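I opened my notebook to get to know a new structure. Here it is, so that you can follow along.

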Amino acid sequence: MINVIAILCLTFFLNSEVIATALQHDSIQSIKTGNHLFRTSCSTCHSIHHENIGPMLASITKKKSRTWLTRFIRNSQDVIASGDVYANLLYRNYNHVMPSFTELSDDDIHDILNYLESNSTSVINEMAMDNEIMQNSNPEILYGRQLFRQQCASCHSIYHESYGPALGSVTKRLPKAWLIPFVRNSQKVIEGGDPYALPLFNSFNHRIMVSMDFLNEEQINSILTYIEFASTLNYSPTNEMEHKESTNPVVSIDGNILHNQQGYNNSDQTFKVAIVILLISSLSVFGFILFIINKYLRREHLD
């Protein structure tokens, strides 16, 4: 009986490993598919790590819910027309109509968001941008850079997610009348039930941002001016996937991705066949063990 239980436990373990491997593979495949969809549908106007025609998208899945993002991607004008404050501010600041993507399924948008989320934490080479900032003659930008490095850089980057969200394009997502009180005392804004601050707080596991009430309004404005300028600078990414996004034209990228996608599909089919075989084998062993246990228990009962 002990041997049977041991085999049963082993079968459960093998099944859990198969399921975990399948989920991991699905996640990787989702990111690859999202990469392809992002390049063909979004990369003309958007980048993850710098502002383009539209806002920088690093940390976007933690700034807004996936439900909201799905609605906005599918038809941004409907969301704007509904009176959504966040959407209307974006529309006014960028003065561009984002095309509707009604042809994208929920799964397509889910894959795009998975791709954005997985690349939001990718650290990029910021040296080139910092050199350009240092050569800038605007004293407010330089002062803002100094303050940012002293007070903000331990938890935030402009270009990628770290302890807190990426701050790129923040001045075009939220008004300064909101940002200044939040920088000074984020917890006060969160405790007030703010519809943007509270979900953001939850997305980052209730990490408390240090109060900056020692900074005056002029100093915070300088930091925000620096962030706004730095958000627009292009970059030399260290991540190979992002490098292809930034250095190749859309048509060329699309061709490469379509070519590679065939390789993904072939390996995906092989993997799925292997998973099915493993699951069938595991279930057969599991069924056999149950049969033996049932037979054993019936014999014990008869005895």
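**Helix H10**

I began with helix H10 (residues 176-184), where Trp178, Leu179, Ile180, Phe182 and Val183 are buried. I call a residue buried under 20% relative accessible area, exposed over 50% and partly exposed in between (1.4 Å probe, protein chains only). Helices here are DSSP runs (H or I, at least four residues), strands are E runs of at least two, and both are numbered from the N terminus.

I then looked up what covers those residues of H10, and the cover includes helix H9 (170-173), helix H11 (186-191), helix H12 (197-203) and helix H13 (217-231). Contact means heavy atoms within 4.5 Å.

**Notes on the model**

This is a predicted model, so I kept to its rules: local features need pLDDT of at least 70, side-chain atom pairs count only at pLDDT 80 or more, and totals for chains, interfaces and linings use all residues. Residues are numbered from 1 along each chain as its sequence is written, and side-chain values use heavy atoms, with hydrogens and water left out.

**The whole chain**

I found 15 helices and 0 strands in the protein chain. Of its 303 residues, 43% are buried. I also checked contacts between residues at least 6 apart in sequence, and 74% of them join residues at least 24 apart.

**Helix H7**

Next I turned to helix H7 (residues 127-134), in which Met129, Asp130 and Ile133 are buried. They sit on the same side of H7, because they cover an arc of only 100 degrees around the axis; the arc is that of the directions from the helix axis to the C-beta atoms. These buried residues pack against helix H8 (139-151) and H13.

**Salt bridges**

How many salt bridges does a search of the whole structure find? I got 6, counting a side-chain nitrogen of Lys or Arg within 4 Å of a carboxyl oxygen of Asp or Glu.

One joins the side chains of Glu51 and Lys172 (2.8 Å, N to O). Glu51 is in the loop between helix H1 (2-41) and helix H2 (60-63), while Lys172 is in helix H9, 121 residues apart. I noted that both Glu51 and Lys172 are buried.

Another pairs Asp106 with Arg74, their closest N and O atoms being 3.0 Å apart. Asp106 lies in helix H6 and Arg74 in helix H3, so this pair ties together parts that are 32 residues apart in sequence. My last entry is a network: salt bridges that share partners join Asp130, Arg145 and Arg149.
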